[in-house]
Amino acid sequence: MTLPVVAVVGRPNVGKSTLVNRILGRRDAIVEEQPGVTRDRKVVEADWAGRSFTLVDTGGWLPGGNDLDAKVSRQAERAMGDAAVIMFVVDATVGVTGEDDEVASLLRRLGRPVVIVANKVDHETREADIWDFVRFGLGDPWPVSALHGRGTGDLLDVLVAQLPAEDLVEQLVDEPVMEHGVPAVAIVGRPNVGKSTLFNQLIGDERSIVHDLPGTTRDSIDTVIESEDGPIRFVDTAGMRRKSRIDEGTEYFSLVRALQSIDEADAALLVIDASQGVTHQDQRLAERIDAAGSPVVIVLNKWDLVASEDRDGILVDVGDRLSFLGYAPVMKVSAKTRMGVHKLLPALGQAIEAYHRRIPTRELNKVISEAQMSHPAPVGKVLYATQGATDPPTFTLFTNHNLPPTYLRYLEHQIRERFGFGPTPLKLRVRRRGA
């Protein structure tokens with residue numbers, strides 16, 4: 001059954017993300033004592049008193065600001081339009097502002113059920129301050145302290161009572177609730193290389209805020225799409241800089257989320273700005289993906305900006321600096337114009353399928369035997385081989401002597417080629433008999 005959608009909206013810095021974390025009982029949304037930290041919509045599943053619902057955290061609604069403010073506001077407005085119930089968060093310590101009045105006016109026009117959340121009521125002496133918000137004409141405000149948890153239980157009781165009956169719930173939001181078992185693809189790269197533009201092109205929707213300011217995406221945002229090979233969950237991550245340049249709490253937590261997304265992903269798209277070539281930071285990110293063991297597709301974005309005479313040099317540079325990802329395909333795309341983007345899904349489908357593939361022991365040993373007959377090891381031999389694990393495919397070779405690294409790479413190449421593992425990393429472990 002689809003879940004009713006609850007949108008958490010309000011002007012910047014009223015505590016929306018803190019409230020979301022309090023409802024979830026964990027720090028899922030990034031919180032910082034400065035306005036504008038949340039920019040994209042974040043969709044999570046929550047429950048209270050046995051009733052589950054989809055919770056959508058939004059950026060601060062601030063019309064009349066700069067171009068980035070306008071894009072954030074449009075994302076918040078989309079969440080309002082998709083919601084079955086809206087939680088309108090205001091700051092009781094500040095009182096009614098002009099921006100609050102504008103949000104309230106928009107909510108009245110929408111005609112959706114609204115619960116006014118008067119946040120930052122940390123003590124009962126502040127409860128009298130909440131009644132100024134009655135002027136919105138959206139019902140009585142509910143005093144809470146999202147930071148300390150005060151009043152959130154009563155608030156959730158009111159919220160659940162406003163939800164539509166379970167047998168009347170319609171799918172009002174355009175992002176599905178994340179399902180376990182759906183393969184996840186993390187889109188990673190340095191700031192401002194075009195990750196969010198590529199993300200939006202892949203899912204066919206302006207789901208992430210796109211702006212020419214580096215570091216626009218602060219949290220990992222994910223969306224499930226249906227492809228020819230089944231559903232895929234794309235995760236748009238914050239741009240990752242060198243740790244020495246990360247000097248604020250928000251950016252630190254963005255880095256932590258991005259690294260967590262890499263570790264949990266079934267595959268990764270490493271996005272590189274082709275117009276700048278492979279940088280030292282691109283190399284570090286590639287090493288991090290390689291260490292996580294997930295298959296990777298290298299995406300040279302902004303390829304249309306590279307002069308024809310420079311393109312061969314860029315490809316040579318990729319092969320040189322990212323030689324440890326030699327198994328990974330290199331895709332030349334322009335996320336802005338969609339050039340080459342259609343080739344990414346087939347490459348990812350192959351990588352994800354191979355990531356979970358298990359090879360029958362008999363077939364594996366046949367390939368190892370043929371490889372040794374064609375090119376015997378300088379010393380020792382493989383007596384028997386078996387696949388011990390998937391995700392990534394991991395093979396154990398039982399030998400009578402230690403094999404040289406070059407010969408192990410040869411065997412890995414034979415396994416990869418014969419079984420079509422493509423861009424999926426393989427692990428070979430050697431166990432010497434009697435050792």
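**From a helix to the sheets**

Visitor: Which residues of helix α1 are buried?

Guide: In α1, the buried residues are Lys16, Ser17, Thr18, Leu19, Val20, Asn21, Ile23 and Leu24, where buried means under 20% relative accessible area, exposed over 50% and partly exposed in between, with a 1.4 Å probe and protein chains only. That is 8 of the 9 residues of this helix, which spans residues 16-24 and is mostly covered. After α1 comes Gly25, with a positive phi near 80°.

Visitor: How should I treat these values and numbers?

Guide: This is a predicted model, in which local features need pLDDT of at least 70 and side-chain atom pairs count only at pLDDT 80 or more, while totals for chains, interfaces and linings use all residues. Residues are numbered from 1 along each chain as its sequence is written, and side-chain values use heavy atoms, with hydrogens and water left out.

Visitor: How many helices and strands does the protein chain have?

Guide: The protein chain has 11 helices and 15 strands; helices (H or I, at least four residues) and strands (E, at least two) are DSSP runs, numbered from the N terminus. Of its 435 residues, 52% are buried.

Visitor: Is Thr152 buried or exposed?

Guide: Thr152 belongs to helix α4, residues 152-162, and it counts as buried because its relative accessibility is 10%. The side chain of Thr152 reaches the backbone oxygen of Gly149 at 2.9 Å. Leaving aside residues up to four places away in sequence, Thr152 touches Leu19, Arg22, Val144 and Ser145, a contact being heavy atoms within 4.5 Å.

Visitor: Which strands are joined to β4?

Guide: Two strands pair if DSSP finds at least two bridges between them. Strand β1 (residues 5-9) runs parallel to β4 and is joined to it by 4 bridges, with Val8 opposite Met87. Strand β5 (residues 114-119) also pairs with β4 in the parallel sense, over 6 bridges, and there Asn119 is the bridge partner of Asp91. From β4 the chain passes through helix α3 (residues 98-110) to β5 in a right-handed β-α-β crossover, meaning that, with the strands pointing away from the viewer, the path from the first strand over the helix to the second runs clockwise.

Visitor: What is the strand order in the open sheet of 3 strands?

Guide: The order is β13-β14-β15, with mixed pairing. Since β13 (382-389) and β15 (427-432) are at the edges with a single partner strand each, one side of each has no neighbour in the sheet. Neighbouring strands here are turned by 25° against each other on average, direction ignored; axes are lines fitted to C-alpha atoms, for helices over the stretch in contact, and angles run from 0 to 180 degrees between N-to-C directions. Strand β14 (residues 394-399) is antiparallel to β13, joined by 6 bridges, and Thr399 stands opposite Val382.

Visitor: Which helix packs on this sheet, touching β13 and β14?

Guide: Helix α10 (residues 361-374) does so, its direction making about 140° with that of β13. Helix α11 (residues 405-419) lies across β13, β14 and β15, at about 130° to β15.

How values were computed:
A polar contact is a pair of N or O atoms within 3.5 Å; within protein, one must be able to donate a hydrogen and the other to accept it, and residues adjacent in sequence count only if both atoms are side-chain atoms.
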